[in-house]
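Here is a short walk through a structure that may be new to you. Have a look at it first, and then read on.

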Amino acid sequence: MKYKFFFMMIVLWVLVYIGKPYLAIQAVELTLSNVYQMFLIIPPIFILLGLLDVWVPRQTMARFLGEGSGIKGIVLSFVAGAMAAGPLYGAFPAAAVFLKKQVSFRNVFIFIGAWSTVKVPMFLFEWQSLGWRFAITRLCLNIAGILLIAWVLDTLLKPEDRRWIRQQADDLCM
Amino acid sequence: MEYVFYIAAFLFLGISFTKDKGKTMQALGKAWTTFRTILPQLLGILLFTGMVLSITNSEVISRIIGQQSGWLGTLGAAVIGSLTLIPGFVALPMCALLLRNGAGYMQIGAFVSTLMMVGVVTFPMEKLYLGTKTAAIRNGLAFLFSLLVAVIIGWVHR
């Protein structure tokens, strides 16, 4: 049931509305502002992903980011993730296009990691709101942590997991 | 600056269209398919996030992770960060406010790190792409890593 989570949320909203109406009304406003933010980023990102999928040949992506792309592939995946915008859930459709183009699993995990927590505009904002000591400490740790997490995930993945994920990527972005 | 992605998308769409109409339509079709794939989860996520933001203001959060909340507060902050999905431009000023009101750096470090890296609400979507096992391991590792980040952030601010 694809909409299970959505309907659960509707039930939650109704319950909150019965219990504390003002919280539900406030939530409507907040949701609308979230929807606006979502529409600012998600549609163009998906269009760019569609274009990437159609125009960039598999061999090109594989050469730059595939198995054996080495340190250059790592840096490139990291930079690609860090330059992206938008919430974490945008990273997965992007990762699917990468997987379809034979990007290595390690590089896909580096990309997801960088997307989640190292973003250039967010870094500047973090510096401004929480101070340079906070922002720089977190950046340095994140670079190491993202590589480590990607390496562990890549090591733990079994051949059948890899097949399943690649197949799923093919199916999801037809 | 806000529209930079739209500008880029339209620019590349234009170039693509002059080169090959068919391929451009194909790309738009793929974009639409991707959007439709995540739409059910996305709607749930938007409703959940709106409600969580409505219920938890900085007062509620600072009660949990406020002054002297120590290790338990750090763990609490990490859990709250994992459960919530707040855009960074809302979360970071809120954290700055919390710090001024006496929250500890270690707790804020845990919150910021899990907020960005761990996604319980987005888990159904992540599962769709990576499978349950891989998604669970990724989130678990990110959670543990965030605790380490919190300790070190606390240490550099001691």
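## How the chains and domains meet

Across the interface of chain B and chain A, the rule finds 2 salt bridges, a salt bridge being a side-chain nitrogen of Lys or Arg within 4 Å of a carboxyl oxygen of Asp or Glu. One of these pairs up A:D161 with B:K133, whose closest N and O atoms are 2.7 Å apart. Before going further, a word on the ground rules: this is a predicted model, where local features need pLDDT of at least 70 and side-chain atom pairs count only at pLDDT 80 or more, while totals for chains, interfaces and linings use all residues. Residues are numbered from 1 along each chain as its sequence is written, chains are lettered from A and ligands numbered from 1 in the order in which they are written, and side-chain values use heavy atoms, with hydrogens and water left out.

Back to the meeting of the two chains. The rule also turns up 8 residue pairs in polar contact between chain B and chain A, both residues at pLDDT 80 or more. (A polar contact is a pair of N or O atoms within 3.5 Å; within protein, one must be able to donate a hydrogen and the other to accept it, and residues adjacent in sequence count only if both atoms are side-chain atoms.) On the side of chain B that touches chain A, α2(B) gives the largest share, 27 residues; helices here are DSSP runs (H or I, at least four residues), numbered from the N terminus. In total, 76 residues of chain B are in contact with 72 residues of chain A, contact meaning heavy atoms within 4.5 Å.

Each chain also splits into domains, with bounds from an automatic or database domain assignment.

| Chain | Domain 1 | Domain 2 | Distance between C-alpha centres |
|---|---|---|---|
| Chain A | 1-41 | 56-172 | 30 Å |
| Chain B | 1-55 | 56-158 | 28 Å |

Inside chain B, the contact takes 12 residues from domain 1 and 13 residues from domain 2. How much area is buried between domain 1 of chain B and domain 2 of chain B? It's about 1100 Å², with carbon and sulfur atoms giving 72% of that; buried area is the accessible area (1.4 Å probe) that two parts lose on being put together, summed over both. In domain 1 of chain B, B:Q41, B:I45 and B:L53 lose the most area to domain 2, together 41% of what that side buries. Between these two domains of chain B, the rule finds 0 salt bridges and 0 residue pairs in polar contact.

Notes: Helices (H or I, at least four residues) and strands (E, at least two) are DSSP runs, numbered from the N terminus.
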